[in-house]
Amino acid sequence: MTHARTSQQSHDPELRAAARRLARRRFLTGTGAAAALAFAVNLPGTAQAAEFDAARIKEDPFTLGVASGDPMPGSVLLWTRLAPRPYEADSGLPKARITVRWELARDERFRRVVRRGRVTAHPEFHHAVHVEAGGLDPDRTYYFRFRAGSWLSPVGRTRTAPARGARVSELKLAAVSCQAYHDGYFTAYQHLAEEDLDVVLHLGDYLYEYAVTATGGARAYTDRRLPAHFNRETLTLEDYRLRYALYKSDPDLRAAHAAHPFVVTWDDHETENNYAGQDPENDVPPEEFLLRRAAAYRAYWENQPLRAPQRPTGPDMRLYRRLQFGRLAQFDILDTRQYRSNQAYGDGWKVPGPESEDPTRTMTGAAQERWLIDGWRQSRALWNVVPQQVTFAQRRDVPRPDFKLSMDSWDGYPASRKRVLDGAASAGVDNLMVLTGDVHVGYGFDLKADFDDPASRTVGTEIVATSISSGKDGADKPSNWDNFTRANPHMKFYNGRRGYVKVTLGTERARADFRTVSGVTKPGAPITTAASFVTEVGDQGLKPA
């Protein structure tokens, strides 16, 4: 895709100069030592902003709702962003600090408030608020809200994780991914908000960089027109910030965030389609792409319920992290985009060969791979769950010897996949579950010790969540359904409708319910369960429930 640039779509000159120095340094040394350069400006404290009295805010500043995330036994992250006019670049606020009050209670009416405080919404972070509410009881539901001047936010519901050594009998989660605004309504989120869940895992493509027309693409609005600045690809920090405002103004997405804590990770479209590490999809100068990546990462952190360690430094952001839910489950959330080798053979579906099978290729980078395997060795959890982005299991396109594989998925990085599976085996991981997004369909896979030998041992399962809206309405059986199911005997389920997957982890088995809606190009579709599977503790493999 080519990038049509306008005068409104240019990076600040100081950022462009910093990124050019950073790109040269990285090219010469292969290190990230100068990573702080690109966005060292425009941070709180570098130039103290004036304070604006929240009582002077004349319009509702909580148009983007509230959210919570990354639950721990004694704390949870609370989020909101002040935006009285979310579709304007400044969100209708001055470049000034604003004090926001917050409170957290055990009941929806806030009769039993257990924590309250004040936090500054900085203009440098687009008046986003991240509150790490601590001192909480483990495994408990709480309710939270924010206040700015006389304005009160919607109420959010959240839940802390069980104590680390607690014996937990059940954990209910949902996995979601891929929500292209221009492809349809977020109807699945309306239903997800009503589910009984402990946590939601978002596996990437929270937003798309592609243009959104005045009528919202496939949404085909007749009651509104979106501003023209959405009808172009995102490149700058302002572009990405505005695009998050568009997405977060969706009432179904706001409802889901208000109902459940989210654990988020990105894929490619939060920055650019199919980028790999420092390599962009298109042939642009390295400093241009690093600027874009820094802008995308900054806007991502500003608009997600992420803790302080995840705050980016220039074009670098430590997103991989570990969460534990008692002795029942450990979640190792991966980033398979920022550190990967470039796709082999120019990307796409290709016949595998020496380039894709090069043993030095990596999906995770060496540091993240070590962190994952070391974490497994120390894990005492019954279930070891890996939320990540792209299809992990082998996926041949046809049941013939001349099959092709996706070079963007783990099939394009088989040596990296083998190191991960060997690491799980050496760590004694008996109940491995990989959670995946990206492909806009629901899959259920058995993970095999040797994918080329269907009789080899099943070492885990992979549950692939379909998209919320990407791909428009979809179909129960996509056109390649017959070829895929015949070519991949370890594929136990394949459905192309929109929706999400609900996973219940228990002490004897895990259950996956593939929840789908009939369409997204018109609002209001009902939800149904397309299929349900279980995998037994100590006897991995998907079986119909």
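Strand β14, residues 329–333, has five of its five residues buried, so the strand is largely enclosed by the rest of the structure. Buried here means under 20% relative accessible area, with a 1.4 Å probe and protein chains only. Strands are DSSP runs of E of at least two residues, and helices are runs of H or I of at least four, numbered from the N terminus.

A word on the source. This is a predicted model, where local features need pLDDT of at least 70, side-chain atom pairs count only at pLDDT 80 or more, and totals for chains, interfaces and linings use all residues. Residues are numbered from 1 along each chain as its sequence is written, and side-chain values use heavy atoms, leaving out hydrogens and water.

Back to β14. Both of its faces are covered: A329, F331 and I333 are buried on one side, Q330 and D332 on the other.

Now its partners; two strands pair if DSSP finds at least two bridges between them. β13, residues 321–325, runs antiparallel to β14 over five bridges, with L323 opposite F331. With β16, residues 383–387, β14 pairs in the parallel sense over three bridges; here A329 stands opposite W383.

Next, helix α5, residues 286–302. What span should its 17 residues give at 1.5 Å a residue? The answer is 24 Å, and the end C-alpha atoms are 24 Å apart, which agrees. The expected span is 1.5 Å times one less than the number of residues. In α5, 16 of the 17 residues are buried, so this helix too is largely enclosed by the rest of the structure.

Definitions and conventions:
Buried means under 20% relative accessible area, exposed over 50%, partly exposed in between (1.4 Å probe, protein chains only).
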